[in-house]
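Work through the following exercises with the sequence and the model side by side. Each task is followed by a solution that goes step by step.

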Amino acid sequence: MRPIRWYLKGLFPIKSTSVMFGIFLILYWLAIYYSATPDQGAQAFVFLSFMLVNPFILLSAFLHVFRSKETTLFELSMLSSWRGIALARVLSSLIYVLTFWALQAVLLLVTLLTGVPKETVFWLVLTTLNSMTNYVSLGLVTSLTSNRTSSVVMGSLVFFLMPFSSFVVLQNYLQYNIKLSGPMAYLVYFFNPEATYIYHSQYPGFIDLQLVHGFAASLAISLTLMALYYFVFTRLQFKP
């Protein structure tokens, strides 16, 4: 238990965690208050959270995973095995991001009281969860780079640029009246499940993809990337 307590210590700093929670509440109020309908408000809250807040949440989670070689050796002395370190990093990143996902889910469930359809809330909650797990798997893979600095740089690029890039793809396809289908539809869904659902519901026929299939495929990719991280990390050898 001692190694586990040490590893999780500092995972939720009071100041930064309070700021994140506060930003979520402010975004939620702004989205609901300034939207024409509760349905649009719920979608706006999810979209703003994904684009503006979730990248910082993911980066905060992985600052706890992107470690120097010296710290990794210390972890090895505490957790006794490479497998233990890999598993601890996967679990700590999931615990961190899923805590914030739970807050988003609760706020979305509250919108049911304002008349938002159950199906809309269900898919917003599900795609938000899907997005979190997708980017956790990507963050784990970027942590395999040679040093902490390169991991932070690559992780930041993934967390901040990929959501925006996938949104730009959706906008461009819609602007030029091109149906999004095939592998591109799955790729866009993987990097931005929330926006894909919103566009799928607002523009019927624009995205040739069943949401259930997109969810299943992205979940399979995420689990594969996590397994790949575990396999590769347990075979890395660090030299002081």
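**Exercise 1: a helix and its surroundings**

In helix H9, the residues Pro193, Glu194, Ala195, Thr196, Tyr197, Ile198 and Tyr199 are buried, where buried means under 20% relative accessible area, exposed means over 50% and partly exposed lies in between, with a 1.4 Å probe and protein chains only. The model is a predicted one, in which local features need pLDDT of at least 70 and side-chain atom pairs count only at pLDDT 80 or more, while totals for chains, interfaces and linings use all residues. Residues are numbered from 1 along each chain as its sequence is written, and side-chain values use heavy atoms, with hydrogens and water left out.

Task: state to what extent H9 is enclosed, and which helices its buried residues pack against.

Solution. Begin with the count: H9 spans residues 193–202, and because seven of these 10 residues are buried, the helix is largely enclosed by the rest of the structure. Next, look for the partners, taking contact to mean heavy atoms within 4.5 Å. The buried residues of H9 pack against H3 (38–63), H6 (118–142), H7 (148–175), H8 and H10.

**Exercise 2: the whole chain**

Task: describe the make-up of the protein and the share of its residues that are buried.

Solution. First, assign the elements, which are DSSP runs numbered from the N terminus (helices are H or I with at least four residues, strands are E with at least two). The protein has 10 helices and zero strands. Then turn to burial, where buried residues make up 45% of the 240 residues. Finally, consider the contacts with a separation of 6 or more, of which 79% come from residues 24 or more positions apart.

**Exercise 3: two helix pairs**

Task: describe how H8 packs with H10, and how H3 packs with H5.

Solution. Two packed helices are described by the angle between their axes and the distance between the axes. The axes are lines fitted to C-alpha atoms, for helices over the stretch in contact, and angles run from 0 to 180 degrees between N-to-C directions. Angles under 35 degrees count as roughly parallel, over 145 as roughly antiparallel, 65 to 115 as roughly perpendicular and the rest as oblique.

On the H8 side, Tyr186, Tyr189 and Phe190 take part, and they meet H10 residues including Leu211, Phe215, Ile221 and Leu225. The residues of this contact of H8 with H10 comprise eight nonpolar, four polar and no charged; Ala, Val, Leu, Ile, Met, Phe, Trp, Tyr, Cys and Pro count as nonpolar, Asp, Glu, Lys and Arg as charged, and the others, Gly among them, as polar.

For the second pair, H3 and H5 (residues 82–110) pack with their axes 10 Å apart, at an angle of about 160°. This makes H3 roughly antiparallel to H5. Among the H3 residues that meet H5 are Phe45, Val46, Ile57 and Leu58, and the H5 residues include Tyr96, Val97, Phe100 and Leu107. The contact of H3 with H5 has 12 nonpolar, five polar and no charged residues.

**Exercise 4: two single residues**

Solution. Beyond its neighbours within four places in sequence, Thr142 is in contact with Phe66, Ser151, Met154, Gly155 and Val158.
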